[in-house]
Structure formats: C-alpha cells, structure tokens
Amino acid sequence: MPLRGFSLLTLVAIALPFLFPDNYYVTVVGTTAAVHAMLAMSLNLLMGYAGQISLGHAAFFGMGAYSSAILTTRWEWRPLLAMVAGLLLTGVVAYLISRPILRLKGHYLAMATLGFGIIINILLVQTGWLTGGPDGISNIPPLSLLGWQVDSDLRWYGVMSAAALLVLWINLSVVSSRSGRALRALHTSEFAAQTMGIDTTVMKSKIFVLAALLAAAAGSLFAHQQAFVSPGSFSFFFSVELVTMVVLGGLASTYGAIFGAVALTFLPELLVVFEDYEVMIFGAILMLTMIFLPQGFYVAVEQRLGRWWAARQGGA
Amino acid sequence: MWDQLPQLLITGVTIGATYALVALGFAIIYNASDVVNFAQGEFVMIGAMSTVFLSGNSGLPLPLAVLLAVGLTILVGMALQRFAIARSRGATVVAMIIITIGASIFLRGVALVVWGKEIKQLPHFFSESPIVLGSATLLPQNLVVMIGALLLVLAVHYFFQHTRSGKAVLACSYNRTAAALMGINVGMMMLIAYALSAFLGAVAGILIAPIAYTSYDAGVMLGLKGFSAAILGGMGSPMGAVAGGVLLGLIESLSAGYISSGYKDAIGFLILLLVLFFRPGGIFGKTSAERV
C-alpha cells in the first residue's frame, strides 16, 4: 500500500501549528476540516469504491455524536466507553438497514438514504426527553486520554488530525486489500463482479457498516470537541455537503475526498465576506464543477499534472 | 375521534394536491431525461415568491402577476435544461444528482439575495370566509387548490395522450435515438418537458401560497415531498406520481391528527422506506427499481 501521500499529510499536519502558531485557521477551522475529512473519506468508501450513493450519511455522524452526548451527560459514562457504545449502536443499526437499502440502486437508493437521514433527524428533534429536542445537549465533558485532558484548541487539532490520519490509514488499507479490489470490481460492474465469485451483497453491506462506524466515531469526537450538539448539525443539508465534498474532490479518490473536505470547510470562511451571496456562490460552484469537471476537481488536476509530467519525461 | 376525520381529509387532499403537482413535474422530467431534478421544489418557490413580489411590491393586478411569475419560472426551467442538464449528458447518476442539488442551492441563493429572508403570504383568491360542511370547515382557497390541481393533471394527461408534442415527448422517454431517427427534435422535446415541469411547480406554489405561506427556502421540503410522492406512486408513471402525491398528503394529515404533528414527516418517510423495501416500483408502478 502506497504511503507517500499519507506521510506527506502527516508532515503537513504536524508542521502547520509550528508554522502558524495560535492561528484560528489552523487550530479551529483545521480541526473542523479534519472532522469533515474523516466523514468524507468514510462516505467515499461507500460512494467511490462501492458505488453506492448515500444522502443520509449525516445520520450516522449524528448517532455517534448523540450517543456520546447522552451517555456522558445524563448517565456520566466515561467518554471512551460512551464512544464504544455509540459505535455498537450505529453498527447494529447500519447492519440492519444495509440489506434492504443496498438492494436499491441509483435514484431509489438516494431516496431511501435521504429518507433514513430525515427520519433520524426528526427523532433527534422530537425525543426531547432524551436528546434535548431542537435545543440539543450542552456541557458535554471534554475527552481525556489516560489522564491527558483534551481541553485546548491546539490539543483538539492534534487529536482530530491524528484521528483523520488513522481513518486515512484504514481507508488506504481497505482499498489496497483483497476486499478493496473486490469493491472496485463491484463499482465497475456489479454483474461482472458477481460472475467472478464476489459476494457483492456481503461486500456492500460490510462497507456500508464500516462507513457508518467511521462516521459515528467522528461524531463522538465532534460532540466532545464542541461540548454541544444540536440536530441542525446532522441534517439533510449536511449529508448533501458531505456528498459534495466527495464528488468535488473526485469519486474513488481518497485524497480527493480529503481535498474536498478541506476545500468545503475553508470555502464558507472565505465566502463570509460576500454575506447574503454566500448561498448563491456555493450553489454555483457545486453546479459548475460537476458540469465542467464531472470527474472531480482534485482528480482532474491530478490527471492533468500526470499527463504534463509524462509529456515532459517523453520529451526529454 | 371520527369528528375530526373530514377536516383531516380536507387538509390532506389540499396539501396532497400540491405534492401531486410537484411529483408530476418530477415524473415528467425523470421520464423524459432520466434525471431526478432536485431543483423541482425551487420552481414552486420561484412561482410563489415572484407572484408575491410582482403583485404586492410592484402593484400589478394578481392575474397579471401570476402570468408573469409562471412565465419566469418556465424560463428558469428551460435555462436549467439548456445550461446545466443538456451540457452533462452521459454523466453518472451521482453527478446528475449533485448538479440539480447545486442548481437548487443556487436558485435558493438568488431568491435570498433578490427577495430577502421574510416569510410571505399571497392573498386568498376568493373570500376568506370558511364554508361549513358538517363537522369540517373548508376555505374557498382549499377548493381552488383541489380543482386547480385536478384540471392541470387532466390537461397534462390530455397533452401526453392526444397532442403531437406530447406524444413526441413520450417517444423520447421510450427511446431517444429512435425518436431522433423518426425526425423528432429531441432537444426541443427536452425543453418542453422542463418547461412543463416548471409550469406545474410554479402553479402549485401559487395555489398553495395563500394557505401555506412561502419564503426563499420553502422549496426544499416541498421538493423532497414531491420526490417521495413520485417514488411512492411509481416514478415510471405520471398518473402514479399524482396518486402518490395525494396519498402522501393524506398520510401526513392523518398522522398529524391521530398520532403526532411532530412525527408527521417521519411517518411519511417511513412509509416511503417500506414501499421502497417491499415494492420498489411504487404502489401503482410496474417498473423495477433497477432502472438507473
């Protein structure tokens, strides 16, 4: 498994806080970017490699976040234990819905995942006795790892970057494994994959559960980092934003997903100056990228650089 | 308990009639171009919001404002087809979904800039005094919505079954290449399909705006509901989509009345999931869910 990109990103993640100490864009926006990168990579496993669209990925992110929030505030569980419980819950739910949902294709799959996401979101709003309703849950205790409190922006930047790198590692190993090859075969042609003896149903459902678990883990960390959760963070719009991150970078490209996540995290920060025009510009960027670079921004640039490099080598 | 049933049915059919028009628009575009248009809800919003501003702020008489608003929405629909959909022929399902989602966000953004964030209402078309029917009351506007939607559905049915252009659009949806070989101008038919769909959305928005209010982001939920209704009834058949719309309206209204208004959307989507799991072609449809 090629690790050049992984090592490079690790170096960048370590170097940034030294190059820009106490910088808002590194420790605060950078931390959010790391959360988004985890989510985008997990969704990319499902969309890019297994070829299954999901418009409800935010639901799994929310399940992880709310499990941690509820268990640590109401029953004073330890954060790590709560995280494990959240992962268990999400894993079971994802497994149960994976079979019927993944039998669907294309628009129908999109609609089913969308419906699932909206149902979970409504449950978060309506079960006020448990989730605090639209107001959410605040005062979530900070994470502590072996007595080390994660209580500053810089520490959170470290934890989230490390978690994102771990997710990247998992992603790269899955993709380069035997299962990864099976997945890519599945994306290219499900029928051909079946004739080669790949159990496509089991394969898809495994990857669905893995993607859900990674999202839930990110959610759990997110809840502790924000110390506050509310249903708005896990809405249909956020699911759409996650799909956008994956597609903007380029489907089936792990680094593309990271690129998309980082770009879409920083874009609103830059668009803030346009105030009311922000929504319009965001929509236009989304539409234009897909029309003119349907393979994704990152992948398109990567391909062009590759071609340019090959031409230079050939010419010399 | 049965006392409130007639009232719930009236509410359900009224909102269902709106869903039906949006779902019909969905089904027309889906059948003509294999695209699920996530910007369908935005047609509803543009129709209603531009009527509000043309009649209220510019002081035009309501009928003229409605006419202009519908015309504007049709132009938006045709522009969407020409500049976004037609340019991306052959793109994957996911890419197409993102393009139409991008278009819907863009249109919402434009509406926000042009019309602001306030919630708006259109005046009722006729009197606002309710008609009493036993234990239920009915606003004249409820009747306007139901009758208006019914007439439009019949007109669309007539268009597809009995006019040359309608049959040509249908031919394109069966087989584009064959249609082109028969001398049908496929590009033009696609434009007609999007225009028709935008027209239906705009009218739905204008009819319901006196009852349900409107705002720059009113299209999101209506679009999703229309999509659900279309799938509920079967994407392959326009009339199935209409039935799905009315059914979804009734489901929502009855669950709001008898179970909980907070959960009404969740129940709607839950039934949708069950339909997808057990009858993926829709309740009234025959096509399989594998159609991609």
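This is a predicted model: local features need pLDDT of at least 70, side-chain atom pairs count only at pLDDT 80 or more; totals for chains, interfaces and linings use all residues.
Residues are numbered from 1 along each chain as its sequence is written, and chains are lettered from A and ligands numbered from 1 in the order in which they are written.

Back to H4(A) itself, which covers residues 57-74. Most of H4(A) is covered, with 16 of its 18 residues buried. Buried means that 20 or more other C-beta atoms lie within 10 Å of a residue's own, exposed means 12 or fewer, and partly exposed is in between, with C-beta atoms placed from the backbone.

Helix H3 of chain A (residues 29-49) has 21 residues and reaches 28 Å from first C-alpha to last, close to the 30 Å expected. H3(A) isn't straight throughout: there's a bend of about 30 degrees at A:Leu43, taken as the angle between axes fitted to the seven residues ending there and the seven starting there. Of the 21 residues in H3(A), 20 are buried. Just after this helix, A:Gly51 has a positive phi of about 70 degrees.

Now look at A:Ala215, which lies in helix H11 of chain A. It counts as buried because 31 other C-beta atoms lie within 10 Å. Setting aside neighbours within four places in sequence, A:Ala215 is in contact with A:Leu39, A:Ser42, A:His57, A:Phe60, A:Phe61 and A:Gly64; contact means C-beta atoms, placed from the backbone, within 7 Å.

H11(A) (residues 200-226) also packs with helix H8 of chain A (residues 153-176), at an angle of about 180 degrees and with axes 11 Å apart. The axes are lines fitted to C-alpha atoms, for helices over the stretch in contact, and angles run from 0 to 180 degrees between N-to-C directions. H8(A) and H11(A) are therefore roughly antiparallel; that label is for angles over 145 degrees, with under 35 roughly parallel, 65 to 115 roughly perpendicular and the rest oblique. On the H8(A) side you'll find A:Trp156, A:Val159, A:Met160, A:Ala163 and A:Val167, meeting A:Leu214, A:Leu221 and A:Gln225 in H11(A). That contact has seven nonpolar residues, one polar and no charged. Nonpolar covers Ala, Val, Leu, Ile, Met, Phe, Trp, Tyr, Cys and Pro, charged covers Asp, Glu, Lys and Arg, and the others, Gly among them, are polar.

Further along is helix H12 of chain A (residues 236-249), where 14 residues should span 20 Å, in agreement with the 20 Å between its end C-alpha atoms. Twelve of these 14 residues are buried, including A:Phe238, A:Glu241 and A:Gly249. Just after H12(A), A:Gly250 takes a positive phi of about 130 degrees.

Finally, over to chain B. B:Leu64 lies in helix H3 of chain B (residues 62-85), and with 12 C-beta neighbours inside 10 Å, B:Leu64 counts as exposed.

Note on methods: Helices (H or I, at least four residues) and strands (E, at least two) are DSSP runs, numbered from the N terminus. Two residues are in contact if their C-beta atoms, placed from the backbone, lie within 7 Å. The expected span of a helix is 1.5 Å times one less than its number of residues.
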